[in-house]
Amino acid sequence: MVELSSIPWNLIMPLIVLQFILMIIALVDVIRHQRTNGPFIMWIFIIVLGNLLGPILYFIFGRRQV
């Protein structure tokens, strides 16, 4: 428990919040449109398992431009 108290939460918490916001927005987008570059299920796994980088990769490479 001593290790948790030494973590600088005021620096880490914004990154955690940003990660969850990006993940939720990317998942809603991929489920709503279902038109992606590549397999639909693959992008869901990349978004969920890719932490902060997964949703960013989806918005750069995964979205199909209409």
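M23 is found in helix α2. The structure is a predicted model.

**M23 and its contacts**

M23 has a relative accessible area of 13% and is therefore buried, since buried means under 20%. Leaving aside residues up to four places away in sequence, M23 touches I47, V48 and P55. One of these, V48, is 25 residues from M23 in sequence, yet the two C-alpha atoms are 6.8 Å apart in space.

**Helix α2 as a whole**

Helix α2 covers residues 9–33. With 25 residues at 1.5 Å a residue, α2 should span 36 Å, and this agrees with its end C-alpha atoms, which are 36 Å apart. Just after α2, Q34 takes a positive phi of about 50°.

Which residues of α2 are buried? They are Q19, L22, M23, A26, D29 and V30. An α-helix has 3.6 residues a turn, so residues three or four places apart point the same way. The cover over the buried residues of α2 includes α3, residues 40–49, and α4, residues 53–62.

Q19 is another member of this buried set. Its relative accessibility is 18%, so Q19 counts as buried. Not counting residues up to four places away in sequence, Q19 touches N51 and L52.

**The loop between α3 and α4**

N51, a contact of Q19, lies in the loop between α3 and α4. Phi of N51 is near 50°, which is a positive value in a residue other than glycine. N51 has a relative accessible area of 45% and is partly exposed.

G50 is found in the loop between α3 and α4 as well. With a relative accessible area of 26%, G50 is partly exposed.

**The salt bridge**

How many salt bridges does the structure hold? It holds one. The partners are R63 and D29, and their closest N and O atoms are 3.3 Å apart. Because R63 lies in the segment after α4 and D29 in helix α2, the pair ties together parts that are 34 residues apart in sequence. The two partners can also be described by their accessibility. D29, at 12% relative accessibility, counts as buried, whereas R63, at 35%, counts as partly exposed.

**The nonpolar surface patch**

Other residues of α2 belong to a surface patch. This nonpolar patch of about 710 Å² is made by L4, W9, L11, I12, M13, V17, I21 and I25. Helix α2 gives the most to the patch, with seven residues. One of the patch residues is I12, which lies in helix α2. I12 has 31% relative accessibility and counts as partly exposed.

**S6 and distances across the chain**

S6 is found in the loop between α1, residues 2–5, and α2. S6 has a relative accessible area of 56% and is exposed. S6 and R35 are 29 residues apart in sequence and 45 Å apart in space. G50 and S6 are 44 residues apart in sequence and 27 Å apart in space.

**Annotated regions**

The UniProt record, an unreviewed entry, gives the annotation "domain: Cardiolipin synthase N-terminal" for residues 21–63.

| Span | Helix and strand content | Distance between end C-alpha atoms |
|---|---|---|
| Residues 21–63 | 77% helix, 0% strand | 18 Å |
| Residues 6–28 | 87% helix, 0% strand | 35 Å |
| Residues 40–61 | 86% helix, 0% strand | 13 Å |

**Summary**

Helix α2 holds buried residues, including M23 and D29, and their cover includes α3 and α4. D29 also takes part in the salt bridge with R63.

Notes: Residues are numbered from 1 along each chain as its sequence is written. This is a predicted model: local features need pLDDT of at least 70, side-chain atom pairs count only at pLDDT 80 or more; totals for chains, interfaces and linings use all residues. Side-chain values use heavy atoms; hydrogens and water are left out. Patches are made of residues with over 30% relative accessible area and no salt bridge: like charges are joined within 9 Å, nonpolar side chains (Val, Leu, Ile, Met, Phe, Trp, Tyr) within 5 Å. Accessible areas come from the Shrake-Rupley method with a 1.4 Å probe; for residues, only the protein chains shown count as cover. A salt bridge is a side-chain nitrogen of Lys or Arg within 4 Å of a carboxyl oxygen of Asp or Glu. Helices (H or I, at least four residues) and strands (E, at least two) are DSSP runs, numbered from the N terminus. Buried means under 20% relative accessible area, exposed over 50%, partly exposed in between (1.4 Å probe, protein chains only). The expected span of a helix is 1.5 Å times one less than its number of residues. Contact means heavy atoms within 4.5 Å. UniProt positions are given in the numbering used here, feature names are shortened, and annotations may be inferred rather than shown by experiment.
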